[in-house]
Amino acid sequence: KEKVEITKEQEALMKLIVEAYNKHQIPQDVTKQLVRFYSTEENFLLLTEIATSQVQVLVEFTKNIPGFLSLDHEDQIALLKGSAVEAMFLRSAQVFSRKMPKGHTEVLEERIRKSGISEEFITPLFNFYKSVGELHMVLEEQALLTAITILTPDRPYVKDQQAVERLQEPMVNLLKKLCVLQHPQEPQYFARLLGRLTELRTLNHYHAEMLTSWRVNDHKFTPLLCEIWDVQ
Ligand SMILES: CC(C)NC(=O)n1c(-c2ccccc2)cc2c1CN(S(=O)(=O)c1cccs1)CC2
């Protein structure tokens, strides 16, 4: 059996290859850039941006709910303001439980946890995201549940509650049918969905508390968020 030996030439070749390889590594600071942790301010700004654009999307969605624009105009505003926070948390839960590229969910969770929201609200927030995620709602269910949330007749300052009920009822009946069709093996699925709406209402309270704690730390919101949340 002959001895395996690296020749001088092979050694020289090896040196050149390894040098070239080390030279073309991602510079250390770029990788630091990729995994660096964002400051609380940056995370808060990100959420402000996302929330603001989401409110704009919510208004457009609401205007496309059949019959909404024929409601009394003041009631339209009352419904939007009364449901904005719930619709936002519902949307957040849907976004959060969506399949994201590897590691994105973790980074997003980290940035939400480090955005200045106090611990006592973070827990119910992520519990809600988890409980919505476990439902594996299909798109139609998500859309209907959001419309049903917006068309809640007993929001503050709604004058013609019956008119809102007349819009909400067909949505609830449709969702009930859809749940039976989508989840035949889970007769209580529809009840679980409506249970999420009850949990959502508790988040309203937490959100109001969050706003006061942020305001005292002079966090700035956008004009749209101030208007929809009645702050500043
Ligand atoms: C999708 C939108 C509606 N979600 C959103 O804006 N998020 C998300 C979130 C969740 C999952 C994926 C992406 C984002 C977490 C939180 C918010 C907003 N709020 S906030 O409105 O109180 C707020 C506004 C400004 C500073 S804090 C705090 C917590």
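The accessible surface of the protein chain comes to about 14,800 Å², and carbon and sulfur atoms hold 60% of that area; accessible areas come from the Shrake-Rupley method with a 1.4 Å probe, and for residues only the protein chains shown count as cover. This is a predicted model, in which local features need pLDDT of at least 70, side-chain atom pairs count only at pLDDT 80 or more, and totals for chains, interfaces and linings use all residues. Residues are numbered from 1 along each chain as its sequence is written, and side-chain values use heavy atoms, with hydrogens and water left out.

The protein chain has 10 helices and 0 strands. Helices (H or I, at least four residues) and strands (E, at least two) are DSSP runs, numbered from the N terminus.

Overall dimensions of the protein chain:

| Quantity | Value |
|---|---|
| Radius of gyration, protein chain | 25 Å |
| Span of the C-alpha trace along its principal axes | about 95 × 50 × 30 Å |

The radius of gyration is taken over C-alpha atoms, and the globule rule is 2.2 Å times the number of residues to the power 0.38.

Of the 232 residues, 38% are buried; buried means under 20% relative accessible area, exposed over 50%, and partly exposed in between (1.4 Å probe, protein chains only). Among contacts (heavy atoms within 4.5 Å) with a separation of 6 or more, 73% join residues 24 or more positions apart.

Q142 counts as buried because its relative accessibility is 17%. Leaving out residues up to four places away in sequence, Q142 touches Q94 and M137.
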